[in-house]
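I opened the notebook today to go through one model, helix by helix and ring by ring. The entries below record what I looked up.

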Amino acid sequence: MNNSGAKPPVPFLDLKAPYLELRAEMDDAYRRVMTSGWYLLGAELEAFEAEFAAYCGASHCVGVGNGLEALALILRGLAIGPGDEVIVPGNTYIASWLAVSAAGARPVPVEPDARTFNLDPAQVEAAITPRTRAIMAVHLYGQPADMNPIIAVARRKGLRVIEDAAQAHGAEYRGRRTGALADAAGFSFYPGKNLGALGDGGAVVTNDIGLADRVRLLRNYGSRKKYEHEVAGVNSRLDELQAAFLRVKLRYLDAWNARRRTVAAAYAQALRDLPGVLLPLAPEWAEPAWHLFVVRCRQRDRLQAALTAEGIGTLIHYPVPPHRGPVYAALGARLPITERLAAEVLSLPIGPHLMGEQVERVAVEIRRSCVA
């Protein structure tokens, strides 16, 4: 019998709680922008770009419309386009692949390491062809990819390396924050991210001043001066209001990530040695941002249904790998590890505002379901 009626639901994600915690500062940011009369490419954006670049340990940040466009503009800024190939993880959200397509290039998928879910460095070199121009490493679920061997292969082959850091705000790889580990990084500020706006937003982070300048040009119709267009650019600008909100949230990102680590540690302790459930692996060189806490379970659908019946929200990231959907089916990619992960992964509730008793309840229900 389902006795969950007396229990409040455990949402997968609570987007209201961050605002309620920071209401006074967020409202001040709103009033500051609204009374300024300046809503695009102004002082708030410039301040956020400087602050976020410094946070990542990089020299430049360019605010853009969203994370997909951040990646696409990096590729265009590096003059990667038609006829070129970019190595991408097979196990990722489709946006990583779509960015390559948006630049006119061809995504070439490589299987993940089944333990970390991230791009397997050992398989990258075999995928390189004379057309390969770059490797895109995704820090999936907030877990840093193993960048050193990826960069080593890229340097030997004369390739660029791009971080898809859309889920990894504040994550660290060997003591360095994501965003400054490669030639450039693309971030998303979608509301559900660790550093989330109140709408869409994104950024390009890099130490390459030439690339930063090129992206600034491309994001604003290819124009530095109004009505003078140097290249065929796009309209992709992080607006002043979102920049102001992000400036507030950035001050709390490390503290909120620390709360996520506490939740992740509680799950790891409560679910250890549970038959049929594999917990996420965090290598000793990684400090994940824990954007998601993803377990593997062969009876995934049964487990998800049991948690749903108890009012516990879960999601599957991602049920259909890019190569199995209609957009990229023609590539004919064979990615059995990626497909196995898609059939087994389940994302549990996690976030800086998830209470200890909620975490305990999730763990109890998982253990009950798995031993039933």
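**Basis.** I am working from a predicted model, in which local features need pLDDT of at least 70 and side-chain atom pairs count only at pLDDT 80 or more, while totals for chains, interfaces and linings use all residues. Residues are numbered from 1 along each chain as its sequence is written, and side-chain values use heavy atoms, with hydrogens and water left out.

**Helix H8.** I looked up H8, residues 240–250, and found 10 of its 11 residues buried, so this helix is largely enclosed by the rest of the structure. I take buried as under 20% relative accessible area, exposed as over 50% and partly exposed as in between, with a 1.4 Å probe and protein chains only; helices (H or I, at least four residues) and strands (E, at least two) are DSSP runs numbered from the N terminus. Among the buried residues I noted Ala243, Ala244, Phe245 and Leu246, and also the charged-type names Glu240, Arg247 and Lys249. The buried residues of H8 pack against H1 (16–21), H2 (23–36), H3 (43–56) and H9 (253–270), where contact means heavy atoms within 4.5 Å. At the N-terminal end of H8 I found aspartate 239 as a cap, with a side-chain oxygen 2.9 Å from the backbone nitrogen of leucine 241.

**H3 against H8.** I then followed one of these partners and saw that the axes of H3 and H8 come within 8 Å and cross at roughly 35°; axes are lines fitted to C-alpha atoms, for helices over the stretch in contact, and angles run from 0 to 180 degrees between N-to-C directions. The crossing is left-handed, a term used if the near helix is turned anticlockwise from the far one by less than a right angle, with right-handed used if clockwise. On the H3 side the contact includes Ala47, Phe48 and Phe52, and on the H8 side it includes Ala243, Ala244 and Leu250. By class I recorded 10 nonpolar, no polar and four charged residues in this contact, with Ala, Val, Leu, Ile, Met, Phe, Trp, Tyr, Cys and Pro as nonpolar, Asp, Glu, Lys and Arg as charged, and the others, Gly among them, as polar. Alanine 47, in H3, counts as buried at 18% relative accessibility, and its C-alpha atom is separated by 8.7 Å from that of alanine 244, 197 residues apart along the chain.

**Aromatic rings.** I looked up the ring pairs next and found 12 in the structure; rings of Phe, Tyr and Trp (its six-membered ring) pair if their centres lie within 6.5 Å, with planes under 30 degrees apart stacked, over 60 edge-to-face and the rest tilted. Phenylalanine 48 and phenylalanine 52 are stacked, at 5.5 Å centre to centre and 15° between the planes, and being four residues apart in H3 they are separated by about one helical turn. Phenylalanine 52 also pairs with phenylalanine 189, and because the centres are 5.6 Å apart and the planes at 80°, this pair is edge-to-face. The two are 137 residues apart, with phenylalanine 189 in the loop between strand E8 (184–188) and strand E9 (202–206). I noted 0% relative accessibility for phenylalanine 52 and likewise 0% for phenylalanine 189. Ring pairs link Phe48, Phe52, Tyr55, Phe187 and Phe189 into a cluster.

Note on methods. A polar contact is a pair of N or O atoms within 3.5 Å; within protein, one must be able to donate a hydrogen and the other to accept it, and residues adjacent in sequence count only if both atoms are side-chain atoms.
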